[in-house]
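I opened this model to look up its fold, its nonpolar cores and the packing of its helices. My notes are set down in that order.

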Amino acid sequence: MRVLGVDPGLTRCGVGVVEGVAGRPLTMLGVGVVRTPADAELGQRLVGIEQGMERWLDEYRPERVAVERVFSQHNVRTVMGTAQASAVAMLCAARRGIPVALHTPSEVKAAVTGSGRADKAQIGAMVTRLLRLDAPPKPADAADALALAICHIWRAPAQNRLQQAVALHTATAQKTPKGRTA
């Protein structure tokens with residue numbers, strides 16, 4: 001499976017492509033950051049993120065896109081910018097019919113480091129180790145994007161089985177007449 005991980009942000013939007021399957025060594029295909037000028041008008045920044053995302057999607061042709069789920073912070077302005085960048089990434093993927101998964105920061109940290117409270121240095125170190133890199137990707141947004149892709153590759157099989165089980169249960173429950181159990 002080839003996954004484009006996206007760590008959304010208006011100034012620096014981390015992107016990283018990882019290929020592999022759960023239980024096997026993973027391969028990094030690309031890592032970087034889509035940047036926009038902090039002093040540019042918001043609409044132009046969003047267009048810049050869209051253009052950058054389109055280039056990554058064109059070049060790497062991922063099967064899935066994993067985006068960090070926006071969580072509440074104290075700084076509403078930061079949350080809004082992150083949410084807007086996240087929406088652009090999801091839109092670009094959806095336009096191409098590429099499934100998008102959202103993962104929380106603590107979910108990604110736990111998947112990659114074993115602790116949902118890991119710091120940036122720990123994430124960078126584990127991404128470096130898991131992808132057999134010479135050094136941690138810089139800036140941290142790029143390492144976080146790779147961690148998102150790794151998390152998705154490792155968790156997707158279990159999530160798919162869970163979704164199938166829920167769908168089967170729902171379909172069975174809908175077919176069972178009232179008053180009878182399946």
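**Basis.** I am working with a predicted model, in which local features need pLDDT of at least 70 and side-chain atom pairs count only at pLDDT 80 or more, while totals for chains, interfaces and linings use all residues. I number residues from 1 along each chain as its sequence is written, and side-chain values use heavy atoms, with hydrogens and water left out.

**Whole chain.** I find 5 helices and 5 strands, taken as DSSP runs numbered from the N terminus (helices H or I, at least four residues; strands E, at least two). From the N terminus on, I read their order as β-β-β-α-β-α-β-α-α-α. Of the 182 residues, 40% are buried, where buried means under 20% relative accessible area with a 1.4 Å probe, protein chains only. I looked up contacts (heavy atoms within 4.5 Å) and noted that, among those between residues at least 6 apart in sequence, 63% join residues at least 24 apart.

**Cores.** I took a nonpolar core to be a set of buried Ala, Val, Leu, Ile, Met, Phe, Trp, Tyr and Cys residues joined through side-chain atoms within 4.5 Å. The largest one has 20 residues, and L4, V6, V15, M53, W56 and V65 have the most contacts inside it. The elements giving two or more residues to this core are β1 (2-7), β2 (12-19), α1 (42-60), β4 (64-68) and α2 (76-95). Another core, of 18 residues, lies apart from it and includes L131, L148, A149 and C151. Returning to W56, and not counting residues up to four places away in sequence, I see that W56 touches L4, V15, V17, G30, V31, G32, V34 and R61.

**Helix pairs.** How do the axes of α1 and α2 cross? They come within 9 Å and cross at roughly 40°, with axes fitted to C-alpha atoms over the stretch in contact and angles run from 0 to 180 degrees between N-to-C directions. On the α1 side I list L42, L46, I49, E50, M53, E54 and L57, which meet Q84, A85, V88, A89, C92, A93 and R95 in α2.

For α3 (residues 105-113) and α4 (residues 120-130), the axes come within 9 Å and cross at roughly 50°, which makes α3 oblique to α4. Here K109, V112 and T113 in α3 meet Q122, I123, M126, V127 and L130 in α4.

Note on methods:
Buried < 20%, exposed > 50% of the residue type's maximum accessible area, 1.4 Å probe, protein only. Parallel < 35°, antiparallel > 145°, perpendicular 65-115°, else oblique.
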